[in-house]
Amino acid sequence: MVGASNRRSASIEDYLRAIYGLEERGEDVTNTSLAARLAVSPSSASGMVTKLSQQGLVEHVPYRGIELTPDGRLLARSVLRRHRLIEAYLVSELGYTWDEVHAEADLLEHVVSDRLVERIAAKLGNPVRDPHGDPIPAVDGSVEEVSTKLLEDLPAGTVGEIVRVWDTDPELLRYLSDRAIGLGQRIEVLERQPFGGPIVVRVGQPPSDTTHALGREIAQALSVSLR
């Protein structure tokens with residue numbers, strides 16, 4: 001992975017992580033989508049993308065938008081490794097809840113040393129997933145891929161396991177926690193109500209399973225591994 005001496009500025013790291021995140025979701029990466037994700041102006045995003053391109057970290061691909069180069073992807077995964085290991089440590093060792101860790105990790109990911117990051121990884125037993133189910137890149141930049149589908153795309157009758165929550169909105173995460181909807185839970189799609197209505201699901205194992213009507217925002221945030 002990238003050593004501390006090769007790190008870029010915090011703003012460059014934030015942009016690389018944002019581009020990687022959009023690519024992970026299969027979304028188009030444009031100056032507009034980047035600006036929305038980072039809460040900056042489109043002109044600021046455009047200026048930074050030009051800078052990243054000059055440094056060989058991104059390229060403009062016709063009809064596809066902005067993409068990370070191999071060097072850019074390696075750097076992005078280095079940032080993600082730090083971020084997601086910090087989240088895992090805060091939950092595992094310091095008693096944070098999964099809705100509290102994202103903002104803390106945003107601050108810490110730029111300042112922790114590589115030595116500390118690897119000590120954290122060793123302490124946690126080298127986890128491959130963070131508290132939200134996001135994959136933690138390995139030291140060499142490789143990522144363990146798991147075949148999943150978004151809840152929004154599943155037909156009625158599908159049974160699977162919740163393995164990832166894409167949204168970092170604390171309110172959404174607390175909503176899920178309050179209803180015992182979390183990673184590792186069995187989920188069954190009972191009904192898809194028409195005209196953009198909610199998806200009705202059963203979560204958990206009988207006899208303690210519960211039924212919920214989940215809106216589109218949550219259905220787009222939950223990744224399910226099918227059984």
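**Exercise 1.** Is Arg 174 buried, partly exposed or exposed?

*Solution.* Start with the ground rules. This is a predicted model, in which local features need pLDDT of at least 70 and side-chain atom pairs count only at pLDDT 80 or more, while totals for chains, interfaces and linings use all residues. Residues are numbered from 1 along each chain as its sequence is written, and side-chain values use heavy atoms, with hydrogens and water left out.

Step 1. Read the value. Arg 174 has a relative accessible area of 38%, so it is partly exposed.

**Exercise 2.** Trace the salt bridge of Glu 24.

*Solution.* Step 1. Glu 24 pairs with Arg 84, and the closest N and O atoms are 3.4 Å apart.

Step 1. Glu 24 sits in helix H1 and Arg 84 in helix H4, so this bridge ties together parts 60 residues apart in sequence.

Step 2. Glu 24 is partly exposed at 25%, whereas Arg 84 is buried at 6%.

Step 3. Widen the view. The structure holds 13 salt bridges.

**Exercise 3.** Which residues have the most contacts inside the largest nonpolar core, and which elements supply it?

*Solution.* Step 1. Define it: a nonpolar core is a set of buried Ala, Val, Leu, Ile, Met, Phe, Trp, Tyr and Cys residues joined through side-chain atoms within 4.5 Å. In soluble globular proteins, nonpolar side chains tend to be buried together.

Step 1. The largest core has 22 residues, and those with the most contacts inside it are Leu 16, Ile 19, Leu 34, Leu 52, Val 58, Ile 66 and Leu 68.

Step 2. At least two residues each come from helices H1 (10-24), H2 (31-38), H3 (42-54) and H4 (70-94), and from strand E2 (65-68). H1 gives the largest share, seven residues.

Step 3. Look at one member. Contact means heavy atoms within 4.5 Å. Beyond its neighbours within four places in sequence, Leu 52 touches Ile 12, Tyr 15, Leu 16, Ile 19, Leu 57 and Val 58.

Step 4. Note a second, separate core of 19 residues, including Ile 162, Val 201, Val 203 and Leu 214.

**Exercise 4.** Describe how strands E1 and E2 pair.

*Solution.* Step 1. Two strands pair if DSSP finds at least two bridges between them.

Step 1. E1 (residues 58-61) and E2 are antiparallel, with four bridges. Val 58 has Leu 68 as its bridge partner in E2.

Step 2. Three residues lie between the strands of this hairpin, where Tyr 63 takes a positive phi near 70°.

**Exercise 5.** What is the strand order in the six-stranded open sheet, and which strands stand at its edges?

*Solution.* Step 1. The order is E3-E8-E4-E5-E6-E7, with antiparallel pairing.

Step 1. Strands E3 (149-150) and E7 (210-214) stand at the edges; each has a single partner strand, so one side of each lacks a neighbour in the sheet.

Step 2. Zoom in. Strands E4 (residues 159-165) and E5 (residues 186-192) are joined by three bridges. Glu 161 has Arg 186 as its bridge partner in E5.

Step 3. Arg 202 and Glu 188 form a salt bridge with their closest N and O atoms 3.0 Å apart. Arg 202 is in strand E6 (residues 199-203) and Glu 188 in strand E5, so the pair ties together parts 14 residues apart in sequence.

Definitions and conventions: Buried means under 20% relative accessible area, exposed over 50%, partly exposed in between (1.4 Å probe, protein chains only). A salt bridge is a side-chain nitrogen of Lys or Arg within 4 Å of a carboxyl oxygen of Asp or Glu.
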